Amino acid sequence: MKIALIGVGNLGYSIAQGIANQTQFQVDQLTLTKRNVTGLAEKFDSNKVKVTSSNIEAVQQSDIIILCIQPGQINSVLNEIKGVLLEGRHVLISTVTGRAIQDIEEVIKKDIAVIRSMPNTAISVGQSMTCLSANEQGKDQLEIAEQIFNAVGQTLVIEEKMMQAATVICASGIAFWMRLIRATTQGAIQLGFDAPEAKNMATQACMGAASLLLNSDSHPEAEIDKVTTPRGCTISGLNEMEHEGMSSALIKGLMKSYDKITDIISEK
């Protein structure tokens with residue numbers, strides 16, 4: 001498997017790290033592109049990782065192309081590489097926010113397998129939730145995309161019309177959960193723990209809660225019931241948070257992000 005990763009910014013670097021560090025499938029070559037590649041190769045302990053500033057060179061040397069560029073760059077990059085994209089060989093996987101499969105097809109004008117993906121930065125530690133959708137040619141190649149992204153987290157194949165919502169929940173969601181962990185950390189400091197202790201406690205508690213749900217068929221409220229007792233401290237804290245609008249604020253934030261991504265798409 002020869003993979004090219006076009007655009008090694010924050011997300012691209014995270015994906016590259018995840019692919020390079022996984023052990024579930026064989027990567028014969030991972031080619032990374034960036035305008036300034038100085039020091040990039042040294043960040044990867046593998047002779048299979050190659051770096052170049054040439055997107056065309058990366059495509060020519062690979063079979064699977066992962067686009068990790070900004071939305072405003074996609075047309076110029078696609079126009080740059082479409083001449084070396086080969087029908088029947090290349091699989092094009094896009095992580096570009098708000099850019100539909102049809103947008104890509106209209107630029108490349110070839111029968112190329114196109115898969116749209118929405119990973120998040122937790123891919124660098126093998127914990128991404130990546131949603132996938134594909135065009136007709138790409139449906140036969142979804143297994144390849146699942147293999148790549150399952151090695152660095154979990155995947156879910158969805159209809160493309162749900163990709164905007166998936167972006168908010170899974171990609172923006174990382175930032176939302178980080179803010180919740182940060183708030184818990186600040187509360188722990190106020191209660192007397194030093195900052196490193198507070199962060200570790202908040203992070204592990206979050207991981208424990210998530211693991212309880214991921215490893216069972218339990219509902220969040222069922223797990224809440226297990227730790228709330230009549231007139232207890234847990235229910236008192238939960239009720240105070242709800243009085244202050246915790247759930248409402250989170251839901252409103254999700255909807256605001258969804259509205260924003262819808263605006264961005266309509267403006268393109």
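Here are a few questions and answers about how this predicted model is put together.

Q: What makes β1 and β2 partners in the sheet?
A: Two strands pair if there are at least two bridges between them, and five bridges join β1 to β2, so they count as a pair. These two strands run parallel, with A4 standing opposite T31 in β2.

Q: Why are β3 and β8 called edge strands?
A: The open sheet runs β3-β2-β1-β4-β5-β6-β7-β8, with mixed pairing. β3 (49-52) and β8 (153-157) each have a single partner strand, so one side of each has no neighbour in the sheet. From one strand to the next, the twist averages 25 degrees.

Q: How do you know that α7 packs on the sheet, and which strands does it touch?
A: Contact means heavy atoms within 4.5 Å, and helix α7 (residues 163-190) touches β6 and β7. Angles run from 0 to 180 degrees between N-to-C directions; that of α7 makes about 170 degrees with that of β7.

Q: What makes L32 stand out in the largest nonpolar core?
A: Core members are buried, meaning under 20% relative accessible area. Of the 29 residues here, L32 and I93 touch the most other members. Helix α6 gives the largest share of this core, four residues. Leaving aside neighbours within four places in sequence, L32 is in contact with residues including L5, V8, A16 and F44.

Q: Which residues does the second, separate core include?
A: That core has 21 residues, among them L67, L85, I108 and I112.

How values were computed: Residues numbered from 1 in each chain as written. Predicted model: local features only at pLDDT ≥ 70, side-chain atom pairs only at ≥ 80, totals over all residues. Heavy atoms only, no water. Core = buried A, V, L, I, M, F, W, Y, C linked by side-chain atoms within 4.5 Å. Buried < 20%, exposed > 50% of the residue type's maximum accessible area, 1.4 Å probe, protein only.
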